[in-house]
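Look over the chain shown below before reading on.

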Amino acid sequence: MESLGRLGIDITSLLIYAVNFGLIVFVVGKFFTKPVIEMMEKRRKVIADNVGEAEKLKEELVKAREAMAKEKQEMQSKMDEEMKKMNQEIEQKRKDADAEIDAKKAKMIEDVKKVVNEEKASLKAGVQKEVLSLVEKMVLHIVHNKVPKDVIEESTQEAWKLYKQ
């Protein structure tokens with residue numbers, strides 16, 4: 001023990017230190033360790049709950065994104081179908097309009113031909129009358145009343161019918 005004394009270590013002081021240390025360990029163990037451990041357990045539980053809820057929210061987010069992507073794809077498909085139907089309807093209406101225009105054009109051409117033919121016939125009849133009248137006047141002038149007028153008209157009509165074709 002004396003050798004400890006030479007080193008500057010006192011046994012009574014050492015015992016007092018050991019008793020003080022034991023008291024501190026007892027007091028800390030009795031009064032502070034349990035609340036600290038309980039607080040740490042509560043924090044661990046809160047953290048575990050938060051991590052679990054975060055994982056749950058993450059899964060819900062993934063599901064929501066997948067649902068949105070699926071809905072987007074469905075909407076895109078519906079839009080594509082609607083566009084295809086609209087394009088088909090437009091094409092059909094264009095074809096119908098073209099057919100209607102062609103029919104109206106054909107009818108107008110037919111009407112114009114009919115009017116032209118009627119006018120042509122009317123002009124022919126008018127020209128025929130004028131030519132007959134002119135020929136009659138010329139023949140009358142040439143014959144100068146030596147041949148009766150009835151005979152000239154009849155001869156002219158027969159000649160016209162004969163040479164008309």
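A residue is called buried when its relative accessible area is under 20%, exposed when that area is over 50%, and partly exposed in between, with a 1.4 Å probe and protein chains only. By that rule, 2% of the 165 residues of the protein chain count as buried. The model is a predicted one, in which local features need pLDDT of at least 70 and side-chain atom pairs count only at pLDDT 80 or more, while totals for chains, interfaces and linings use all residues. Residues are numbered from 1 along each chain as its sequence is written, and side-chain values use heavy atoms, with hydrogens and water left out.

Start with the overall form. Helices (H or I, at least four residues) and strands (E, at least two) are DSSP runs, numbered from the N terminus. The protein chain has three helices and zero strands, and read from the N terminus its elements follow the order α-α-α. Helix α2 covers residues 11-143, and helix α3 covers 149-164.

How does the radius of gyration of the protein chain stand against that of a compact globule of 165 residues? The radius is taken over C-alpha atoms, and the globule rule is 2.2 Å times the number of residues to the power 0.38. The globule would have a value near 15 Å, but the protein chain has 63 Å. Along the principal axes, the C-alpha atoms fill a box of roughly 195 × 30 × 20 Å. One pair of residues gives a further distance: Val 36 and Asp 10 are 26 residues apart along the chain, and their C-alpha atoms are separated by 36 Å.

Next comes the surface. Accessible areas come from the Shrake-Rupley method with a 1.4 Å probe, and for residues only the protein chains shown count as cover. The protein chain has an accessible surface of about 15,700 Å², and 62% of it belongs to carbon and sulfur atoms.

Lys and Arg count as positive and Asp and Glu as negative, while His and the chain ends are not counted. The place of a charge is taken as NZ of Lys, CZ of Arg, CG of Asp or CD of Glu. On this basis there are 32 positive and 31 negative charges in the protein chain, and their mean positions are 1 Å apart.

Side chains of opposite charge can pair when their charged atoms come close. A salt bridge is a side-chain nitrogen of Lys or Arg within 4 Å of a carboxyl oxygen of Asp or Glu. How many salt bridges does this rule give? The count comes to five. In one of them, Glu 41 pairs with Arg 44, and the closest N and O atoms are 2.4 Å apart. Both residues lie in helix α2, three residues apart, about one turn of the helix. Glu 41 counts as partly exposed because its relative accessibility is 43%, and Arg 44 is partly exposed at 49%.

Glu 91 forms a salt bridge with Arg 94, and here the closest N and O atoms are 2.4 Å apart. These two residues of helix α2 are three residues apart, about one turn of the helix. Lys 104 forms a salt bridge with Glu 100, with 3.3 Å between the closest N and O atoms. Lys 104 and Glu 100 are also in helix α2, four residues apart, about one turn of the helix. Lys 104 is exposed because its relative accessible area is 51%, whereas Glu 100 is partly exposed at 46%. Salt bridges that share partners join Glu 91, Arg 94 and Asp 98 into one network.

Patch residues have over 30% relative accessible area and no salt bridge; like charges are joined within 9 Å, and nonpolar side chains (Val, Leu, Ile, Met, Phe, Trp, Tyr) within 5 Å. A negative patch is made of Asp 49, Glu 53, Glu 55, Glu 59 and Glu 60. Glu 55 is partly exposed because its relative accessibility is 42%. A positive patch gathers Lys 120, Lys 124, Lys 161 and Lys 164. The elements that give two or more residues to this positive patch are α2 and α3. Lys 164 is found in helix α3 and is exposed at 57% relative accessibility.

A nonpolar patch of about 890 Å² has nine members named here in chain order: Ile 24, Phe 26, Val 27, Val 28, Phe 31, Phe 32, Val 36, Met 39 and Met 40. Phe 26 lies in helix α2 and is exposed, with a relative accessible area of 52%. Val 36 is also in helix α2, but counts as partly exposed because its relative accessibility is 40%.
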